[in-house]
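I opened this model to look up its fold, its cavities and its aromatic pairs. My notes are below.

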Amino acid sequence: MSELRSLGEAAMWSCGLFNGTAQGEEQLCQDLRLGLWVLSLLYLVAGVPVGLGYNALLVLVNLSSKSSMTMPDVYFVNMAVAGLVLSALAPVHLLGPPHTRWALWSLSSEAHVTLLILFNVASLVTMYSTALLSLDFYIERALPRTYMASVYNTRHVCGFVWGGALLTSFSSLLFYICSHVSSRVAECAKMQNTEAADAILVLIGYVVPGLAVLYALALISRIRKEDTPLDQDTGRLDPWVHKLLVATVCTQFGLWTPHYLSLLGHTVLVSQGKPVDGHYLGILHFAKDLSKFLAFSSSSVTPLLYRHINRNFPSKLRRLIKKMHCGLRRCSLDPSGVQPVMAQA
């Protein structure tokens with residue numbers, strides 16, 4: 001146990017900030033540090049392969065059956081692509097974050113900025129895909145067969161989501177570059193403020209989609225209380241889609257909220273212009289590491305929810321396996337595996 005603890009101390013942020021405090025607090029710091037290190041290793045061993053495998057499977061299964069894709073499928077493919085990015089970034093962030101003292105390797109400033117921007121883009125795509133899924137689900141419930149939430153329109157919306165995420169991250173990119181790369185450039189003298197970039201991400205990446213989700217869920221709860229003839233429309237989304245929507249919203253915002261709260265807390269503390277006590281600074285560092293771990297874990301949980309709640313996924317998977325087994329030969333599809341398709345605009 002002592003060897004494990006010493007290894008954990010070498011692999012986590014330092015508890016030196018607690019020097020001078022009570023011995024019990026320093027011991028608690030070491031225990032928390034060790035626990036987070038163990039959780040990170042478990043996630044890297046089990047969570048990352050699950051995230052990569054299930055996200056890739058989600059994308060392949062849906063792209064191989066484009067004719068049977070529905071509006072929710074398009075958004076989940078979008079989130080799966082973002083999940084692949086997060087799963088690929090997880091080992092670098094969790095084992096070698098440059099803002100801590102437990103890195104197993106060091107990164108150059110340019111690499112740090114690149115990884116941080118990719119992380120921010122993936123987080124924006126995930127949050128906005130969840131918000132737009134909620135809004136389109138309400139539209140489909142309230143106005144079925146209007147094609148406003150059709151697969152065709154959703155694909156274009158997802159393209160705008162990725163473009164918007166890149167544009168939103170551009171302003172943050174300028175702040176991070178000036179803070180980490182171009183500190184000697186005179187033009188960057190007034191832009192060396194990563195807290196401004198964090199404030200932008202909190203506002204655009206969390207507050208805006210959060211308000212959109214709350215608005216959509218309120219509308220959905222109202223319309224579900226009304227029993228109308230439209231509820232018998234065969235063209236409406238399957239009932240299990242609502243269960244998948246609620247589970248996805250709770251998972252994404254539950255796992256991403258600590259990350260954005262840690263950014264907000266760090267921004268508020270720095271904006272006060274007062275020196276931060278070592279005790280609170282240590283808590284903040286631990287909170288940031290834990291919140292980032294939770295954010296990365298969302299890339300593994302979401303595809304598992306989709307796999308177990310989506311009733312159409314098993315039949316699509318069987319058809320994909322059959323296509324792969326047949327190879328280049330023509331295979332007759334199982335009629336039972338063909339799912340009803342929403343009309344496309």
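The entries run from the model itself to single residues.

**Model and numbering.** I am working with a predicted model, in which local features need pLDDT of at least 70 and side-chain atom pairs count only at pLDDT 80 or more, while totals for chains, interfaces and linings use all residues. Residues are numbered from 1 along each chain as its sequence is written, and side-chain values use heavy atoms, with hydrogens and water left out.

**Confidence.** I looked up pLDDT, the predictor's confidence in each residue, from 0 to 100. The protein chain has a mean pLDDT of 76, and 68% of its residues reach 70 or more. In residues 1-14 the pLDDT is below 50, and this stretch has 34 contacts in the model beyond near neighbours in sequence. Residues 97-105 also have pLDDT below 50, with 25 contacts beyond near neighbours in sequence. Contact means heavy atoms within 4.5 Å.

**Fold.** I took helices (H or I, at least four residues) and strands (E, at least two) as DSSP runs, numbered from the N terminus. The protein chain has nine helices and zero strands. Of the contacts between residues at least 6 apart in sequence, 80% join residues at least 24 apart. I counted a residue as buried under 20% relative accessible area, exposed over 50% and partly exposed in between (1.4 Å probe, protein chains only). Buried residues are 45% of the 345 residues in the protein chain.

**Cavities.** I used a 1 Å grid over the protein atoms alone, where a cavity is a set of points at which a 1.4 Å probe fits but cannot get out, and lining residues have an atom within 4 Å of a point. Grid points are joined across faces, edges and corners, and a volume is the space filled by probe spheres set on the points. I found two cavities of 30 Å³ or more. Helices α2 (23-63), α3 (71-95) and α8 (278-309) each supply at least two lining residues, with the largest share, five residues, coming from α3.

**Asparagine 62.** I placed asparagine 62 in helix α2. Why does asparagine 62 count as buried? Its relative accessibility is 0%. Leaving aside neighbours within four places in sequence, asparagine 62 is in contact with Met69, Asp73, Val77, Tyr306 and Lys316.

**Aromatic pairs.** I paired rings of Phe, Tyr and Trp (its six-membered ring) if their centres lie within 6.5 Å, with planes under 30 degrees apart as stacked, over 60 as edge-to-face and the rest as tilted. I counted eight aromatic pairs by this rule. The rings of phenylalanine 119 and tryptophan 256 have centres 5.6 Å apart and planes at 40°, so this pair is tilted. Phenylalanine 119 lies in helix α4 (residues 109-142) and tryptophan 256 in helix α7 (residues 240-271), 137 residues apart. Both phenylalanine 119 and tryptophan 256 are buried. Tyrosine 206 and phenylalanine 253 form a tilted pair, 6.0 Å centre to centre with 50° between the planes. Phenylalanine 253, at 12% relative accessibility, counts as buried. I also noted that ring pairs link Phe119, Tyr206, Phe253, Trp256, Tyr260 and Phe296 into a cluster.

Terms used:
On a 1 Å grid over the protein atoms alone, a cavity is a set of points where a 1.4 Å probe fits but cannot get out, and a pocket is an open set with protein on both sides within 12 Å along at least five of seven lines; lining residues have an atom within 4 Å of a point.
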